[in-house]
Amino acid sequence: MDKLKCPSFFKCRGKEKVTASSENFHVGENDENQDRGNWSKKSDYLLSMVGYAVGLGNVWRFPYLTYNNGGGAFLIPYAIMLALAGLPLFFLECSLGQFASLGPVSVWRILPLFQGVGITMVLISIFVTIYYNVIIAYSLFYMFASFQSELPWKNCSVWADDNCSRSPIVTHCNVSTTMGDIIRVNKSWLSTHNLTCINGSEAYQPGQLPSEQYWNKVALQRSSGMDETGVIVWYLALCLLLAWLIVGAALFKGIKSSGKVVYFTAIFPYVVLLILLIRGATLEGASKGISYYIGAQSNFTKLREAEVWKDAATQIFYSLSVAWGGLVALSSYNKFNNNCFSDAIVVCLTNCLTSVFAGFAIFSILGHMAHISGKEVSQVVKSGFDLAFIAYPEALAQLPGGPFWSILFFFMLLTLGLDSQFASIETITTTIQDLFPKVMKKMRVPITLGCCLVLFLLGLVCVTQAGIYWVHLIDHFCAGWGILIAAILEIIGIIWIYGGNRFIEDIEMMIGAKKWIFWLWWRACWFVITPLLLIAILIWSLVKFHRPNYAKIPYPDWGVALGWCMIIFCIIWIPIMAVVKIIQAEGTIFQRIVSCCRPASNWGPYLERHRGERYKDMIDPKKETDHEIPTVSDSRKPE
């Protein structure tokens with residue numbers, strides 16, 4: 001009997017018949033891992049990693065830190081901290097995800113006692129994802145507002161109050177009365193009685209820039225404090241919805257679709273930065289701005305200050321996005337023998353060079369703004385929201401063709417934010433996929449869109465009139481020392497408990513054996529230098545902790561308490577999961593703890609052909625529950 005031929009709309013694999021519209025549409029025919037899928041191309045992965053690491057902080061935080069910490073001299077501690085803290089952690093997480101082909105929670109089969117660390121990473125990523133897309137919504141609003149013949153914040157308009165001015169405002173002065181007396185009056189009395197100040201008697205205060213009032217009164221409709229929630233700002237809510245629709249559309253096929261989108265979103269910001277730099281360099285005062293940033297104003301005596309080194313370490317740590325779970329999630333889709341070492345070097349160097357490059361584009365424009373306003377660069381430079389939505393828009397409003405440059409700038413912020421957002425959502429969906437693989441295969445699209453919908457609804461509080469206070473609160477608590485705790489436990493668990501030498505052997509199974517001299521640096525960092533640096537930064541952060549405020553408006557007690565509750569909710573899973581694992585284990589309390597400090601019996605390379613002699617007795621990694629906790633007799637003991 002002749003073999004049956006498959007119709008054209010079927011794909012045949014032995015006796016199996018799989019439709020072209022297979023449930024597993026996020027897995028390609030040529031993927032090494034047919035359960036989880038792999039990146040279609042190496043470039044998809046690299047661009048996704050670059051997009052994840054290079055974010056808004058590279059544009060709105062690093063240039064300010066460089067200026068504030070000695071100019072070009074700051075690059076010395078920055079480079080040192082990259083080598084000692086950033087790169088070792090980055091390489092560790094990339095290797096970890098790639099070796100096991102698992103996300104940030106399931107990968108802790110390597111050390112079941114610490115599974116709560118993975119949960120903490122994912123929860124913090126969820127909180128940050130909520131407010132990060134709000135920042136993308138701000139960028140969308142400003143980009144749409146720029147499609148006018150004149151930027152709406154170029155002049156003080158109907159939304160402005162009496163304090164709106166680019167020049168200092170008279171607050172008090174002396175006037176002469178009809179009786180010949182000289183009295184001192186305030187500004188409101190002066191305008192009411194239509195009097196003129198006596199020359200030389202004026203007292204001034206700085207006016208508020210049109211861009212500052214536009215940000216507060218129009219874009220945010222900012223209330224007086226967190227206590228005054230106000231209404232949902234409808235146009236920000238629509239921009240937030242659009243931002244989530246873009247994210248959902250880019251991720252509906254997982255890495256297969258997002259891996260294509262990043263070819264634009266990861267590369268376009270570099271094009272814009274180059275255009276802005278070229279334009280900025282042609283403006284008067286640009287050289288003064290660049291001088292303040294990195295040139296003649298370099299102050300090497302700043303290197304004696306501990307604050308400078310702390311800023312360098314903190315910036316590297318957060319800029320590379322380590323300990324958020326995203327690096328593990330993205331790397332888990334690599335093929336087993338991918339050279340994750342060279343990838344880590346390329347991405348880390350690209351990230352740091354981008355920060356330096358962005359500083360030139362930012363400060364050349366700010367130098368021009370200082371020049372035309374007759375101020376020093378130090379008087380116009382800002383950081384964070386104030387740079388992105390006040391100082392830089394103000395500078396762009398002074399340029400010929402301001403709307404064009406504004407559209408470019410905010411579109412660049414949009415793409416910078418989207419890349420990081422893609423990876424954050426992929427972290428969440430990868431965690432779901434590892435825990436519920438069968439469900440995810442059948443319902444990837446509705447689950448992905450459902451995540452986006454839930455996060456959109458949770459983010460609505462951030463687009464109320466008190467929304468900016470919520471954004472700052474989540475950033476202040478969740479994106480701070482909670483991540484440091486996760487990073488410290490991650491490196492201690494993998495290097496000190498699982499075993500650094502054993503982890504190096506795992507890496508060599510992927511990238512090939514290396515000479516001992518190659519690993520000397522990594523051993524020094526992983527075992528001693530990096531954890532000590534992270535502990536020092538954590539202690540410094542706790543000692544320097546201060547109550548949050550925004551625009552000098554303090555947060556209410558209930559707001560601060562809520563912030564503490566959010567971060568406690570994230571990190572409390574570390575002890576909870578440790579207790580759960582110990583209870584589930586067998587033997588005496590000591591035997592149970594020892595058992596939980598060994599790799600689970602389903603820990604190792606995902607595919608059988610990669611396991612070799614070291615993992616020949618490994619249990620199928622798809623079996624999550626039956627063999628999750630190793631017994632005391634497990635032969636694969638920690639070092």
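Mentor: A residue is called buried here when its relative accessible area is under 20%, exposed when that value is over 50%, and partly exposed in between. In this model, which is predicted, buried residues account for 57% of the 639 residues of the protein chain. The chain holds 24 helices and seven strands, and of its contacts between residues at least 6 apart in sequence, 80% join residues at least 24 apart. Its accessible surface comes to about 26,800 Å², with 63% of that area belonging to carbon and sulfur atoms.

Turning to the cysteines, a disulfide is counted where two cysteine sulfur atoms lie within 2.5 Å, and by this rule the count comes to one. The pair is Cys-156 and Cys-164, whose sulfur atoms are 1.9 Å apart. The torsion about their S-S bond is about -85°, and the disulfide is therefore left-handed.

Cys-451 is in no disulfide, since the nearest cysteine sulfur, which belongs to Cys-452, is 6.9 Å away and the rule asks for a pair within 2.5 Å; Cys-451 is itself buried, with a relative accessible area of 15%. Cys-596 is likewise in no disulfide, the nearest cysteine sulfur being that of Cys-597 at 7.0 Å, and with a relative accessibility of 0% Cys-596 also counts as buried.

One more cysteine, Cys-570, belongs to helix H22, and this helix deserves a look of its own. Helix H22 runs over residues 557-571, and its 15 residues should span 21 Å at 1.5 Å a residue, which agrees with the 21 Å between its end C-alpha atoms. Besides Cys-570, the buried residues of H22 are Gly-559, Val-560, Gly-563, Met-566, Ile-567 and Ile-571. They cover an arc of only 125° around the axis, so they lie on the same side of H22. The cover over these buried residues includes helix H5 (115-145), helix H19 (467-478), helix H20 (481-511) and helix H23 (573-584).

Definitions and conventions
Residues are numbered from 1 along each chain as its sequence is written. This is a predicted model: local features need pLDDT of at least 70, side-chain atom pairs count only at pLDDT 80 or more; totals for chains, interfaces and linings use all residues. Side-chain values use heavy atoms; hydrogens and water are left out. Helices (H or I, at least four residues) and strands (E, at least two) are DSSP runs, numbered from the N terminus. Buried means under 20% relative accessible area, exposed over 50%, partly exposed in between (1.4 Å probe, protein chains only). Contact means heavy atoms within 4.5 Å. Accessible areas come from the Shrake-Rupley method with a 1.4 Å probe; for residues, only the protein chains shown count as cover. The expected span of a helix is 1.5 Å times one less than its number of residues. The arc is that of the directions from the helix axis to the C-beta atoms.
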